[in-house]
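Thank you all for making time this morning. I would like to walk you slowly through one protein, and I ask you to keep the picture in view while I talk.

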Amino acid sequence: MQLLNLLQQVQAGEVSPENAQEMLKSLPYEDLGFAKLDHHRKVRSGFGEVIYCAGKSDEHLVSIYQTFAKEGTAVMGTRASKEQAQVVQAAVPQVIYDPVSRILRLGEHENQPVGKVAVCTAGTSDIAVAEEAAQTAEFLGANVERFYDVGVAGIHRLFARLPDIQSANCIVAAAGMEGALAGVLAGLVDKPVIALPTSVGYGANFHGLSALLTMLNSCAEGIAVVNIDNGFGAGYLAAQINRLVCKNND
C-alpha cells in the first residue's frame, strides 16, 4: 500500500521522481520468517544483498535463492559448501558454484564491467581467499586482473608484473605467513592497497594472526586491512573504490 500510494503521488505530481527515489530507499524488506531479504539494498548502497551461506540450513538457503530468483534479482552467496551448492542447484538450476572461492552465484551484474582491480597473492596457497575477493569484485561490476604467486620469497616475480599492477585503480594483496606483500606493494605503487591476511602458514602464524599484525603495523602508506581470510570484504571495498574512480573519470 505504501508503494501504491507513493506511485499515485508521483503520477499526480505531488511527489517528484527524485524524492520518490529517496523514499524507496527505506521501503520494507521481504520477511520470510527466518530471514529478512533486503531487495532495496542496491538502491541505497549501489550493490545488492550478499548471503553468508555457512551455518544456514539447506531449507533456508534454498528458500532464499528461490525468492531472489522469483524477483529476478542477482545475488551472491559466500562460504557455501559443495553440499549446500548441490542442494540449491537442484532447486534453482541457474545458480553457479565455484568450489575454489566457495561462491554461490545467481545472475550477473547488469552492466559492463568497468575500471580495473588487481588481485595479488604471495603464494598459490592464498588463491582460494584471493578468488573470493576477485569474484566478489567481478560480481559487483569491476574488471579484475589476477597476479598470483608474486610474493617476497621471489620478489623478482613481483617486479616483472609491477607495471600491470600499477595500472589498476585499487590493489588487493592476499598473503599469509608473515604477510609482507601488502607493505611491499604499497611502497611501490600510487594506488590504495587492501591488505588481505590469510590463515596460510605454520604454527606460529596463529591461523593468520601474524599476517594480520604485520599488515596492521606496516609503515607503508595507503594500506587498509580487512579481517583474516575475509576475501569478500576485500573484494567489496575494492569494487567501491574502483566504482568511485570510474565515476570521477566520467
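Predicted model: local features only at pLDDT ≥ 70, side-chain atom pairs only at ≥ 80, totals over all residues.

T121 has its place in strand β7, which covers residues 114–121. Is T121 buried or exposed? With a relative accessible area of 0%, T121 is buried, because buried here means under 20%. Setting aside residues up to four places away in sequence, T121 touches a list of residues that includes D126, I127 and A130, then F147, Y148, D149, V150 and G151, and also A174 and L181.

Some of these names come back when we turn to R157, which is found in helix α7, residues 156–166. If we again leave out neighbours within four places in sequence, R157 is in contact with A122, D149, V150 and G151. R157 counts as partly exposed, at 26% relative accessibility. The C-alpha atoms of R157 and F147 are separated by 9.8 Å, and these two residues lie 10 residues apart along the chain.

Now to a pair of helices. Helix α6, residues 127–139, packs with helix α10, residues 231–249, at an angle of about 35°, and their axes are 7 Å apart. In passing α10, α6 makes a right-handed crossing. From α6, the residues that make the contact are V129, E132, A133, T136 and A137, while α10 brings G231, F232, A234, G235, Y236 and A239. Sorted by class, this contact has 7 nonpolar residues, 3 polar ones and 1 charged one.

My next stop is helix α5, residues 82–91, where the buried residues are Q84, A85 and V88. Why can we say that these buried residues line one face of the helix? Seen down the axis of α5, they fall within an arc of 100°, and so they line one face. On the other side of α5 we find K82, E83 and A90, which are exposed. Among the elements that cover the buried residues of α5 are α4 (58–71), β5 (96–98) and β6 (103–106).

Let me finish with the protein as a whole, which has 10 helices and 11 strands. Of its 250 residues, 40% count as buried. If we take the contacts with a separation of 6 or more, residues 24 or more positions apart account for 65% of them.

Terms used
Residues numbered from 1 in each chain as written. Heavy atoms only, no water. Axes fitted to C-alpha atoms, helices over the stretch in contact; angles between N-to-C directions. Helix = DSSP H or I, 4+ residues; strand = E, 2+ residues; numbered from the N terminus. Left-handed = near helix turned anticlockwise from the far one by under 90°. Contact = heavy atoms within 4.5 Å. Nonpolar A, V, L, I, M, F, W, Y, C, P; charged D, E, K, R; others polar. Buried < 20%, exposed > 50% of the residue type's maximum accessible area, 1.4 Å probe, protein only. Arc of directions from axis to C-beta.
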